[in-house]
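Welcome, and please have your viewer ready.

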Amino acid sequence: MTDLRSDRLTDLRADGAAALEWAAGYLERVAELPVLAQVEPGEIRARLPTSAPDDPEAFADVLRDLDEILLPGVTHWQHPRFFAYFACTSSEPAILAELLAATLNSVAILWRTAPAATELEGVVLDWVADLLGLPAGWHGHIEDSASTSTFAAIVAAREATGRDLIMCSEQAHSSVDKAARMLGMRLRKVPVDDEFRMRVDAVGDLSDAAVIVATVGTTAATAVDPVPPLVEACAASGTWLHVDGAYAGTAMVCPEFRWAFEGVDRADSVVVNAHKWMLTPTDCSLIWTRRPDDFRRAFSLVPEYLRTPDAEDALSLSEYGPALGRRFRALKLWAVLRCVGRSGLQRHIRSGVSLAEMFERWVDEADGWELCAPRRFSVVCFRLEGEDERNHALLERVNASGEIFISHCVLNGRYTLRLGVGQISTTEDDVRRAWEVLVREATRV
Ligand SMILES: Cc1ncc(COP(=O)(O)O)c(C=O)c1O
C-alpha cells in the first residue's frame, strides 16, 4: 500500500507556482471568454471519467483538465461583463488568503481548536460593522450564505419570542420562504408599494409574529424597506426585526448610502454578504446581532466530547449558528480589508453605482425602452416596451451571444430585464458594450 506520508502528493512549490500562474492568467484573459458557459446539460460530465484513478496522477494533469474540460463549462462570475443577479466578485488578496486558509485548515468547532480563526472573525466583524456604520459592541460572526444567516436569525427569533409566524414583504428573497418551510413556521407576505418597499400600513397585527425580515436592497429591484417604522412596530409587539442587507449592505461603506440603513442600529440582527459586493469570494456571509444570548440559547449544544475547561472564558462561534465545523473564512475578509481599505471599498461601490447610473440614462433616453423601478444602487430594471415574450427572447439572445450575461425578474406582473454592476474589473466600455448588444439584439426579436 502506498504510504502517503512519504509520497509527495504534489510539489507544492512547483505546482503551486503553476496554479498561481494559472490564476493570474485566467484573470487577465477572462474578458475574452464567453460570460455564460456555452454548454448543454450533461456535456461536462460526459467528458469526465466515471471513476477516480486507481493510482496518483500529476497535479499538472489536474490543471490541464481544468483548462480543457472544465473551463468551457464555467460561467465566468469574474468576467467584467457579468451583469446577472448580484455580482459576487473576488479579488487577489482574498484569492491568496483562500490558499492560506486551506493550508492551515483550521476547523473552528471550539475556541481551542482555532483560537486565531475565532478571534480574527470577531475582529473583522467589528471592523466591518464600523465601516458600515453599525453599532459597536454587537456580536458578529460568519456563515456560509445569507440563506443560512437569515435562517439562524429566524431560529433565534423563534427561541426568543416563542412564536411561529415569519413576516416579510412580497419582494423578500426566497431564502425566507425556504427557512419557513424548513422550520415548519407560518409565513405572511406583506404587500409592497409602487417602489417595491414593504407597506408599513399593511403589516397589521404583530402580536403573534416572531420576526419581520426587512430587506435593504431587494433581489429584484433593490428596494429598501422602511426600517425605522418597522423598528417601532416590532418594539411595541416584542417582534424580532431581522434586516437582510445581503447585497446593499456593503454600499453603507459610503456615507451617501447610509440613508438606506437608517434604523438598522435598532434591529435585532442584520446580514450582509461579503461575498457579494465586498470583493470577497464565496462563501462569506456576515451576521451581527445585538442579542447574542438568544442566538446562543437557540444553537448551543455542546456534547461531552467537546466540553473543555476554557468554555467559560472562550467564545466558540459554533454555539451561535447551525454548523459545528467552521472554516477560516475571516482570513480572506481580513486580507481584503487590509489590502483594499475603506477608501478602496468606497471607490469600488461608487464606480459600480455610477456605471449603473450611466446605463440607466441610456435606457431612459432611448425610444422603445422603459425603466421599471427606481435605481437605488448598482442595479437597473428595464425592458423593451411591449410584450413579455419579446423581452424574454431578447434576454435569451444577449446571453447566448456570450458577450454579456444579464438576468430577469418580474415586476408589476411584467417580465423585466435586470443589469447589475458589481464586478471589480467592469469599466465604462463594458457597460457600453452591454447597451450596444441589447440594442443590436432588440432589432432581431
Ligand atoms: C436580498 C438577498 N438576500 C439573500 C440572498 C441569498 O444569498 P445567499 O446566496 O448568500 O444565500 C440573496 C441572493 O441573491 C439576496 O438577493
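## About the model

This is a predicted model, in which local features need pLDDT of at least 70 and side-chain atom pairs count only at pLDDT 80 or more, while totals for chains, interfaces and linings use all residues. Residues are numbered from 1 along each chain as its sequence is written, and side-chain values use heavy atoms, with hydrogens and water left out.

## Around the ligand

The shell around the ligand includes Phe86, Ser145, His173, Thr219 and Ala246; a residue counts as near if one of its heavy atoms lies within 4 Å of the molecule. By class there are 3 nonpolar, 7 polar and 2 charged residues in this shell. Here Ala, Val, Leu, Ile, Met, Phe, Trp, Tyr, Cys and Pro are nonpolar, Asp, Glu, Lys and Arg are charged, and the others, Gly among them, are polar. Helix H6 (146-161) and helix H9 (274-277) each contribute at least two shell residues; helices (H or I, at least four residues) and strands (E, at least two) are DSSP runs, numbered from the N terminus.

Looking at atom pairs, a ligand nitrogen lies 2.6 Å from an N or O atom in the Asp244 side chain. A ligand oxygen is 2.9 Å from an N or O atom in the side chain of Asn273, and a ligand oxygen is 3.3 Å from one in the side chain of Lys276. The protein covers 84% of the 400 Å² of accessible area that the ligand has on its own, by the Shrake-Rupley method with a 1.4 Å probe.

## A buried histidine

His141 sits in strand S1 (residues 139-143). Is His141 buried or exposed? His141 counts as buried because its relative accessibility is 1%, where buried means under 20% relative accessible area, exposed over 50% and partly exposed in between (1.4 Å probe, protein chains only). The side chains of His141 and Glu143 are joined by a polar contact of 2.9 Å (a pair of N or O atoms within 3.5 Å; within protein, one must be able to donate a hydrogen and the other to accept it, and residues adjacent in sequence count only if both atoms are side-chain atoms).

## Backbone details

Thr222, a residue other than glycine, has a positive phi near 55°. Thr222 belongs to the loop between strand S4 (209-215) and helix H8 (227-237), and is buried at 0% relative accessible area.

Asn412 also has a positive phi, about 50°, although it is not a glycine. At 63% relative accessibility, Asn412 is exposed. Finally, the peptide bond from Thr282 to Asp283 is cis, with omega near 5°.
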